[in-house]
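Please read these points with the model open beside you.

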Amino acid sequence: MTKTLRQSGTLIGFALIILFFAWQLPDTFLTARNLMNIGQQVSMLAVVAATMTIVMVMNDFDLSVGSMASLAGIVAAVLFTLGYPVWAGIGAALLVGLLGGLVNGVLVSVIGILPFVATLGTLTVFSGLAFRLSDGKTIFGRDIPAGFSGFARGGLQMGDLKVPFLSLTAAAVILASWFLLEHTSFGRRLYAIGGNREAAHLAGVRVVRLRLLAFALTGLGAAGAGLMYASRVASANPTQGSGLMLDAIAAVFLGMTMSRQSEPRVFYTLLGVLMLGILDNGLTQLKVDSYVREILVGVIVIAAVSVATLSRRRS
């Protein structure tokens with residue numbers, strides 16, 4: 001398999017998926033309304049995947065992003081039920097995400113636990129906290145302020161189109177992550193750590209501190225996605241973010257198969273997110289059972305990880 005074939009193969013597959021759904025759903029799939037709907041649907045995943053890219057640049061993982069998203073939504077909703085204003089609930093949820101990310105960073109970079117093990121452990125801790133705070137129930141109805149749930153229903157009117165605020169928020173996070181990784185010394189040092197951690201340390205890069213910060217940013221992104229989801233469905237439950245982790249990892253690895261250096265890049269991660277979103281949207285419109293979608297995502301993850309791993313090994 002040549003590098004050119006690998007890179008173009010994923011893009012060709014992406015194009016074939018779009019053509020297939022356009023052929024099967026000629027009246028609905030490529031309409032402006034449906035494309036806007038896809039953009040809104042993938043907003044939460046885009047935020048998690050973009051910030052997940054930051055830790056995966058260093059060959060690290062964060063398996064706790066889904067449970068962190070759930071916990072953040074629950075924290076905000078619980079504060080709303082206690083009568084706190086919207087800004088306080090959002091601020092507290094983001095703070096929880098930041099602190100959760102820092103805990104992951106300490107476990108991985110200071111104590112030296114493998115990222116897979118450390119974040120698998122915190123996944124269960126965050127999930128348990130979400131269940132404890134909510135008593136295992138969904139918080140909805142009058143407990144969720146209209147100002148909070150209204151954000152997801154609102155948008156920026158551009159001619160005949162209304163661009164959802166959720167999509168604009170995701171775009172802002174993607175741009176910020178892209179700028180951070182591609183145009184700052186912080187990003188260049190993260191790539192140096194991912195290339196050779198020991199060499200980066202010997203060159204004077206503060207590996208421990210940067211890994212700590214990267215995990216904190218990923219936790220912050222997960223909390224933001226949890227808030228966006230809670231706003232969209234006007235409720236919060238302790239399992240609402242459970243599907244985000246696998247999809248985010250799938251999106252980053254899909255992006256890596258398209259990257260020239262087989263490295264995580266925010267732009268290619270976005271293509272991976274769109275690929276998953278289009279697949280999900282098309283299958284839903286075709287009324288394909290949800291378990292088929294889960295199987296396809298699993299197959300895509302295995303294929304993308306295999307291609308990315310083989311490519312990096314050869315390069």
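**Notes on the model**

1. Thr218 is buried, at a relative accessible area of 0%. Buried here means under 20% relative accessible area, exposed means over 50%, and partly exposed is in between (1.4 Å probe, protein chains only). This is a predicted model, in which local features need pLDDT of at least 70, side-chain atom pairs count only at pLDDT 80 or more, and totals for chains, interfaces and linings use all residues. Residues are numbered from 1 along each chain as its sequence is written, and side-chain values use heavy atoms, with hydrogens and water left out.

2. Thr218 belongs to helix H11 (residues 207-233). Helices (H or I, at least four residues) and strands (E, at least two) are DSSP runs, numbered from the N terminus. Which residues does Thr218 contact, leaving aside its neighbours within four places in sequence? They are Thr51, Met52, Val55, Asp62 and Val65. Contact means heavy atoms within 4.5 Å.

3. Helix H2 (residues 32-41) has Asn34, Ile38 and Gln40 buried. These residues are on the same side of H2, because they cover an arc of only 165° around the axis. The arc is that of the directions from the helix axis to the C-beta atoms. The buried residues of H2 pack against several elements, among them helix H3 (43-56), strand S3 (161-164) and helix H13 (266-285). H7, H8 and H11 are also among the elements they pack against.

4. There are seven aromatic pairs in the structure. Rings of Phe, Tyr and Trp (its six-membered ring) pair if their centres lie within 6.5 Å; planes under 30 degrees apart count as stacked, over 60 as edge-to-face and the rest as tilted. One of the pairs is Phe80 with Phe148, which is tilted, with 5.1 Å centre to centre and 55° between the planes. Phe80 lies in helix H4 (residues 65-81) and Phe148 in helix H7 (residues 146-153), so this pair ties together parts that are 68 residues apart in sequence. Phe80 is buried, at 7% relative accessible area, and Phe148 is buried too, at 5%.

5. Is the pair of Phe151 and Phe165 stacked or edge-to-face? The pair is stacked, at 5.5 Å centre to centre and 15° between the planes. Phe151 lies in helix H7 and Phe165 in helix H8 (residues 165-182), so the pair ties together parts 14 residues apart in sequence. Phe151 counts as partly exposed, at 35% relative accessibility, and Phe165 as partly exposed, at 30%. Elsewhere, Phe20, Phe21, Trp23 and Phe29 form one aromatic cluster.

6. Side chains of opposite charge can pair when their charged atoms come close. The structure holds five salt bridges, a salt bridge being a side-chain nitrogen of Lys or Arg within 4 Å of a carboxyl oxygen of Asp or Glu. Arg132 forms one with Asp135, the closest N and O atoms being 3.8 Å apart; both residues are exposed.

7. Arg265 forms a salt bridge with Glu182, with the closest N and O atoms 2.8 Å apart. This pair links distant parts of the chain, 83 residues apart: Arg265 is in the loop between helix H12 (244-258) and H13, and Glu182 is in helix H8. Glu182 counts as partly exposed, at 24% relative accessibility. Arg265 also meets Glu263 in a salt bridge (2.8 Å, N to O).

8. Arg265 lies over the face of Tyr191 as well, at 4.3 Å from the ring centre. A charge sits over a ring if NZ of Lys or CZ of Arg is within 6 Å of the ring centre and within 35 degrees of the ring normal.
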